[in-house]
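Here is a short report for a reader meeting this structure for the first time. Have the sequence and the model open as you read.

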Amino acid sequence: MRLDTQCMFSDAQSLSSTSTTSTNTLDLQGAGIAENEAFVVVRFEGTHGCTAVDLQGSENNSDFASVVKTAVSDTTDGAGVSIRLPQGCPRYLKLVYTGTTLGGKATAGITLQTPSPRGKRLGDYAANKG
């Protein structure tokens, strides 16, 4: 997964307790995404215990509300989720990771292309076989 350091919520951030807020809150003011759509991509290291990732937004960087909440069904090492960034997001965005007992680490950011499913390579798809 390729992420710009200016667009990262978490960089191998340790997860603990039952809820962890991303290290970084992103300010989208002046950000122009001319490529059509963007994604929030989250990948976990270790057995993480995260059951949901909540993308939260705020217009004033203090009153945050849920924009998109996504369930995490795979709690094994290397698992993750991709969230389509909705049009018209608030200026400030952060992530909140929740679960019964969090562990492991999370790396998350905004990217223009969602990664392939874990364990799949381009050559694995029928359209790419000769």
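Ser-58 is in contact with Asp-63, Phe-64, Pro-90, Arg-91 and Tyr-92, leaving aside its neighbours within four places in sequence. The model is a predicted one. Ser-58 sits in strand 5, which covers residues 52-58. Its relative accessible area is 2%. Buried means under 20%, so Ser-58 is buried.

**Salt bridges**

| Glu-37 | Arg-84 | 2.4 Å |

Asp-27 is partly exposed, at 37% relative accessible area. Arg-91 is partly exposed too, at 27%.

Now the pair of Glu-37 and Arg-84. Glu-37 is in the loop between strand 3 and strand 4, Arg-84 is in strand 7, and the two are 47 residues apart. Glu-37 has 30% relative accessibility and counts as partly exposed. Side chains of opposite charge can pair when their charged atoms come close.

In what order do the four strands of the open sheet run? The order is 1-9-4-7, and the pairing is antiparallel. Strand 1 (8-14) and strand 7 (80-84) are at the edges. Each has a single partner strand, so one side of each has no neighbour in the sheet. From one strand to the next, the twist averages 15°.

Strand 4 (residues 39-45) pairs with strand 9 (residues 105-111) over seven bridges, in the antiparallel sense. Within this pairing, Val-41 has Gly-109 of strand 9 as its bridge partner.

**The nonpolar core**

Nonpolar side chains tend to be buried together in soluble globular proteins. Here the largest nonpolar core has 22 residues. Those with the most contacts inside it are Phe-9, Val-40, Val-42, Phe-44, Val-53, Leu-95 and Tyr-97. Strand 4, strand 5, strand 7, strand 8 and strand 9 each give two or more residues to this core.

Val-42 belongs to strand 4. With a relative accessible area of 0%, Val-42 is buried. Not counting residues up to four places away in sequence, Val-42 touches Val-53, Ala-79, Gly-80, Val-81, Leu-95, Tyr-97, Thr-107 and Ala-108. The C-alpha atoms of Val-42 and Ile-110 are separated by 9.1 Å, and these residues are 68 apart along the chain.

Leu-95 has its own set of contacts, again beyond four places in sequence. Among them are Phe-9, Val-40, Val-42, Val-53, Leu-55 and Ala-108. Thr-20, Thr-21 and Ser-22 also touch Leu-95.

**The aromatic pair**

The count of aromatic pairs comes to one. How far apart are the ring centres of Phe-44 and Tyr-97? The distance is 6.4 Å. The ring planes stand at 75°, so the pair is edge-to-face. Phe-44 is in strand 4 and Tyr-97 in strand 8, 53 residues apart, so far as position in the chain goes. Both Phe-44 and Tyr-97 are buried.

Notes:
Residues numbered from 1 in each chain as written. Predicted model: local features only at pLDDT ≥ 70, side-chain atom pairs only at ≥ 80, totals over all residues. Heavy atoms only, no water. Pairing = 2+ DSSP bridges. Axes fitted to C-alpha atoms, helices over the stretch in contact; angles between N-to-C directions. Buried < 20%, exposed > 50% of the residue type's maximum accessible area, 1.4 Å probe, protein only. Contact = heavy atoms within 4.5 Å. Salt bridge = Lys/Arg side-chain N within 4 Å of Asp/Glu carboxyl O. Core = buried A, V, L, I, M, F, W, Y, C linked by side-chain atoms within 4.5 Å. Phe/Tyr/Trp six-rings, centres within 6.5 Å; stacked < 30°, edge-to-face > 60°.
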